[in-house]
Amino acid sequence: MRDEKDPGTLEMVFPRRRGRPPLNGVAMTAAERARNYRANRRHRRETGTRVLHVQSDTTLLDKIRDAISAGRSPSVIGRLVAELSARYPAVD
């Protein structure tokens, strides 16, 4: 414990626990962790944003074409187009 009136004592610093700290101070249950894992996997699969920066321009064009023909959401198509347009900035 630290004495409030003694200026010479320091706060004790303990080593941190291993691993990622829990959200909101409480560890997730196994069911919550699995639900978050499945939701994140589903989101990445639907948006196709896993490794856009590594894919070739031709692959991105194919993904844009497939997304338009499959009727994907405009945000997915916009993300693909934004990645492709970021590679070739407009020159005035």
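At 43% relative accessibility, L61 counts as partly exposed, a class lying between buried (under 20% relative accessible area) and exposed (over 50%), with a 1.4 Å probe and protein chains only. L61 lies in helix 2. The C-alpha atoms of L61 and L84 are separated by 8.1 Å, although the two residues stand 23 residues apart along the chain.

The model is predicted, so local features need pLDDT of at least 70 and side-chain atom pairs count only at pLDDT 80 or more, whereas totals for chains, interfaces and linings use all residues. Residues are numbered from 1 along each chain as its sequence is written, and side-chain values use heavy atoms, with hydrogens and water left out.

The chain contains 3 helices and 0 strands, where helices (H or I, at least four residues) and strands (E, at least two) are DSSP runs numbered from the N terminus. Along the sequence the pattern is α-α-α. Of the 92 residues in the chain, 12% are buried. Among contacts with a separation of 6 or more, 50% involve residues 24 or more positions apart; contact means heavy atoms within 4.5 Å.

The axes of helix 2 (residues 57-70) and helix 3 (residues 74-87) come within 9 Å and cross at roughly 155°. Helix 2 is therefore roughly antiparallel to helix 3, a term for angles over 145 degrees. Axes are lines fitted to C-alpha atoms, for helices over the stretch in contact, and angles run from 0 to 180 degrees between N-to-C directions. The crossing of helix 2 and helix 3 is left-handed, meaning that the near helix is turned anticlockwise from the far one by less than a right angle. Helix 2 contributes D57, L60, L61, K63, I64, A67 and I68 to the contact, and helix 3 contributes I77, L80, V81, E83, L84 and R87. By class, this contact has 9 nonpolar, no polar and 4 charged residues.

The largest nonpolar core, with 6 residues, consists of L60, I64, A67, I77, L80 and L84; such a core is a set of buried Ala, Val, Leu, Ile, Met, Phe, Trp, Tyr and Cys residues joined through side-chain atoms within 4.5 Å. Helix 2 and helix 3 are the elements that give two or more residues to this core.

In helix 1 (residues 30-47) is found E46, which counts as partly exposed at 44% relative accessibility. Leaving aside neighbours within four places in sequence, E46 is in contact with R72 and V76. E46 and S73, 27 residues apart in sequence, are 9.6 Å apart in space, C-alpha to C-alpha.

Technical notes:
Angles under 35 degrees count as roughly parallel, over 145 as roughly antiparallel, 65 to 115 as roughly perpendicular and the rest as oblique. Ala, Val, Leu, Ile, Met, Phe, Trp, Tyr, Cys and Pro count as nonpolar, Asp, Glu, Lys and Arg as charged, and the others, Gly among them, as polar.
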